[in-house]
Amino acid sequence: MYLGITPSVTCNNSSRNEFSLIPDKNPLVEFVEELPAGRSSLCYCSLLCGIIRGALEMVHLAADVTFLQNRLKGDSVTEIGITFLKKLGEEKYRWKK
């Protein structure tokens with residue numbers, strides 16, 4: 001919602017702790033034509049994984065967020081995989097008086 005995109009959500013895990021987000025468009029990809037020579041390991045879109053992971057931590061959920069497919073790497077779609085690890089305790093985030 002913050003970036004103005006609406007992803008499709010897919011869940012193929014029986015334990016229901018993993019799912020994928022497949023955005024219809026990626027605003028970060030629109031301005032990148034080709035990765036520089038020798039820099040094929042760069043992932044300009046890693047910022048999105050950090051945003052999602054940070055938002056989940058704000059609601060006390062620890063998660064592993066990674067790119068499974070990336071259009072900049074030649075894949076047909078952009079797919080972000082999210083795996084919930086655990087629920088974080090609130091006492092860690094309370095303000096000390």
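Guide: Let us begin with burial: a residue counts as buried when its relative accessible area is under 20%, as exposed when that area is over 50%, and as partly exposed in between. The model before you is predicted. Of the 97 residues of its chain, 27% count as buried.

Visitor: What does the accessible surface of the chain come to?

Guide: The accessible surface is about 7,400 Å², and 54% of that area belongs to carbon and sulfur atoms.

Visitor: Which elements make up the secondary structure of the chain, and in what order do they run from the N terminus?

Guide: The chain has 1 helix and 4 strands. Read from the N terminus on, the elements follow the pattern β-β-α-β-β.

Visitor: What is the order of the strands in the sheet?

Guide: The 4 strands form an open sheet in the order β1-β2-β4-β3, and their pairing is antiparallel. At the edges stand β1 (7-10) and β3, each with a single partner strand, so one side of each is left without a neighbour in the sheet. From one strand to the next, the twist averages 25 degrees.

Visitor: Over how many bridges does β4 pair with β2, and over how many with β3?

Guide: Strand β2 (residues 18-23) pairs with β4 over 4 bridges, in the antiparallel sense. The antiparallel pairing of β3 and β4 extends over 8 bridges. Individual partners can be located in the model. Leu-21 stands opposite Ile-80 in β4, and Phe-19 has Ile-82 of β4 as its bridge partner.

Visitor: What should I know about side chains along a strand?

Guide: The general idea is that in a regular strand the side chains alternate between the two faces of the sheet.

Visitor: Which residues does Glu-18 touch?

Guide: Not counting residues up to four places away in sequence, Glu-18 touches Cys-11, Asn-13, Ile-82 and Thr-83. The last of these contacts shows how sequence and space are read together. Glu-18 and Thr-83 are 65 residues apart in sequence, yet their C-alpha atoms are 4.4 Å apart in space. For the chain, among contacts between residues at least 6 apart in sequence, 43% join residues at least 24 apart.

Visitor: How many salt bridges does a search of the whole structure find?

Guide: The general idea is that side chains of opposite charge can pair when their charged atoms come close. In this structure the search finds 1 salt bridge. The side chains of Glu-57 and Arg-53 meet in it, at 3.4 Å from N to O. Both residues lie in helix α1, 4 residues apart, which is about one turn of the helix. Glu-57 is partly exposed at 32% relative accessible area, and Arg-53 is partly exposed at 43%.

Visitor: What is to be noted about phi of His-60?

Guide: His-60 has a phi near 65 degrees, a positive value in a residue other than glycine. Its place is in the loop between α1 and β3.

Visitor: In the loop between β3 and β4, is Asn-70 buried or exposed?

Guide: Asn-70 lies in the loop between β3 (61-69) and β4 (79-87). Because its relative accessibility is 4%, Asn-70 counts as buried. Leaving aside neighbours within four places in sequence, Asn-70 is in contact with Cys-43, Cys-45, Asp-75, Val-77 and Thr-78.

Visitor: And how is Arg-71 to be read, buried or partly exposed?

Guide: Arg-71 also lies in the loop between β3 and β4, and is partly exposed, with a relative accessible area of 40%. With residues up to four places away in sequence not counted, Arg-71 touches Asp-24, Ser-76, Val-77 and Thr-78. Between the C-alpha atoms of Arg-71 and Lys-25, which are 46 residues apart along the chain, the separation is 9.9 Å.

Conventions
Residues numbered from 1 in each chain as written. Predicted model: local features only at pLDDT ≥ 70, side-chain atom pairs only at ≥ 80, totals over all residues. Heavy atoms only, no water. Helix = DSSP H or I, 4+ residues; strand = E, 2+ residues; numbered from the N terminus. Buried < 20%, exposed > 50% of the residue type's maximum accessible area, 1.4 Å probe, protein only. Contact = heavy atoms within 4.5 Å. Pairing = 2+ DSSP bridges. Axes fitted to C-alpha atoms, helices over the stretch in contact; angles between N-to-C directions. Salt bridge = Lys/Arg side-chain N within 4 Å of Asp/Glu carboxyl O. Areas by Shrake-Rupley, 256 points an atom, 1.4 Å probe, with all protein chains shown as cover.
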